[in-house]
Amino acid sequence: PTVAQQADWDNHVVTLNGFGGGTQAPQGLANVVEGAALDIAAYLDAENLEDVVLVGHSMGAQVALLTAGAAADRVSHVVVVDSAPFFSGLMQPGVTPEMMAPQAAAIGDQMSAMPREAYLGMMAQGLRVQSITPDGQAQVMDWIEGADQTAVAIATAELMATDFAPHLRDVQAPVTLLYAEFPEMAPEQIRAMFMAQYEGKVDIEARGVADSRHFIMLDQPERFAEEIE
């Protein structure tokens, strides 16, 4: 829908192997976020693209931020959708990548080894935090079913144990952060949680989106479209 709404722009949609379209995880997949960012930066150079606006959600936003740092002369703006450099730090303030590493590795191994139905059942239990509506949750589940289990497991372990904040020093473009104001927590508390990871590191403007969960574009499509515009 975002591409259709921005028809005046030259739109480039990036899907990582293993995360949709029936693709599988590449052999020896590792370094997912930085690897994708360097590939996209190389693509921007190869296509000689300038004044690029990068829009990324969740892990895609981490990829977008690292891309902006690796191709600073080509990127004019980054839109981060409900994401932060260190996901584990959102859930457990004060935790470090070193503290998370053993747990992350164990969870990644467990996810990879689970029988398919057990894996899908586990993922379905988390739908409530992904979208606020039944339709949104169904769409997220459809995407989960279309993704390669191994790719998701490897990426999950990486995201749990990696703080990408050091890469933010290379980002020169202004950043707009859209974060979900889910009903269970005070808006100012949610804002502080996100801003703690960005403040002083990038030129950022943060805006909360009420009545939404992680997939803001599914829960508040009109507001999301306005923000992208």
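Reader: Where does Pro166 lie in this model?

Author: The model is predicted. Pro166 lies in the loop between α8 (149-161) and β3 (175-181).

Reader: Why is Pro166 called partly exposed?

Author: Its relative accessibility is 42%. Buried means under 20%, and exposed means over 50%. Pro166, at 42%, therefore counts as partly exposed.

Reader: How far apart are Pro166 and Leu66, in sequence and in space?

Author: They are 100 residues apart in sequence. From C-alpha to C-alpha, they are 9.9 Å apart in space.

Reader: What makes the surface patch with Val55 nonpolar?

Author: Trp9, Val53 and Val55 make the patch, which covers about 260 Å². Trp and Val are among the side chains that count as nonpolar for a patch. Membership also requires over 30% relative accessible area. Val55 has 42% relative accessibility, so this residue passes that cut-off. Val55 lies in strand β1 (residues 52-57).

Reader: How do you know that the radius of gyration agrees with a compact globule?

Author: With 229 residues, a compact globule would have a radius of gyration near 17 Å. The protein chain has 17 Å, so the value agrees. The C-alpha trace spans about 45 × 40 × 40 Å along its principal axes. The chain has 11 helices and 4 strands.

Reader: What share of the residues counts as buried?

Author: Of the 229 residues, 44% count as buried. The accessible surface comes to about 11900 Å², and 52% of that belongs to carbon and sulfur atoms.

Reader: Which residues have the most contacts inside the largest nonpolar core?

Author: They are Val78, Val80, Val175, Leu177 and Tyr198, in a core of 43 residues. A second, separate core has 13 residues, including Met114, Leu120, Ala147 and Phe215. In soluble globular proteins, nonpolar side chains tend to be buried together.

Reader: What is Val175 in contact with, leaving aside neighbours within four places in sequence?

Author: Among its partners are Leu65, His77, Val78 and Val80. Val202, Asp203, Ile204 and Glu205 are also in contact with Val175.

Reader: Why is the pair of Asp45 and Arg74 called a salt bridge?

Author: The closest N and O atoms are 2.5 Å apart. The cut-off is 4 Å, so the pair qualifies as a salt bridge. Asp45 lies in helix α2 (residues 32-46), and Arg74 lies in the loop between α3 (59-70) and β2 (75-81). The pair therefore ties together parts that are 29 residues apart in sequence.

Reader: What makes Arg213 and Glu184 a salt bridge?

Author: Their closest N and O atoms are 3.1 Å apart. That is within the 4 Å cut-off, so the pair counts. Arg213 sits in the loop between β4 (204-210) and α10 (216-219), while Glu184 sits in the loop between β3 and α9 (187-198). Arg213 counts as buried, at 12% relative accessibility.

Reader: Where do Glu227 and Arg223 lie?

Author: Both lie in helix α11 (residues 221-228), 4 residues apart, about one turn of the helix. Glu227 is buried, with a relative accessible area of 18%. Arg223 is partly exposed, with 27%. A network of salt bridges links Glu205, Arg207, Arg223 and Glu227.

Terms used. Residues numbered from 1 in each chain as written. Predicted model: local features only at pLDDT ≥ 70, side-chain atom pairs only at ≥ 80, totals over all residues. Heavy atoms only, no water. Patch = residues over 30% accessible without salt bridge, like charges linked within 9 Å, V, L, I, M, F, W, Y side chains within 5 Å. Areas by Shrake-Rupley, 256 points an atom, 1.4 Å probe, with all protein chains shown as cover. Salt bridge = Lys/Arg side-chain N within 4 Å of Asp/Glu carboxyl O. Helix = DSSP H or I, 4+ residues; strand = E, 2+ residues; numbered from the N terminus. Buried < 20%, exposed > 50% of the residue type's maximum accessible area, 1.4 Å probe, protein only. Rg over C-alpha atoms; globule rule 2.2 N^0.38 Å. Core = buried A, V, L, I, M, F, W, Y, C linked by side-chain atoms within 4.5 Å. Contact = heavy atoms within 4.5 Å.
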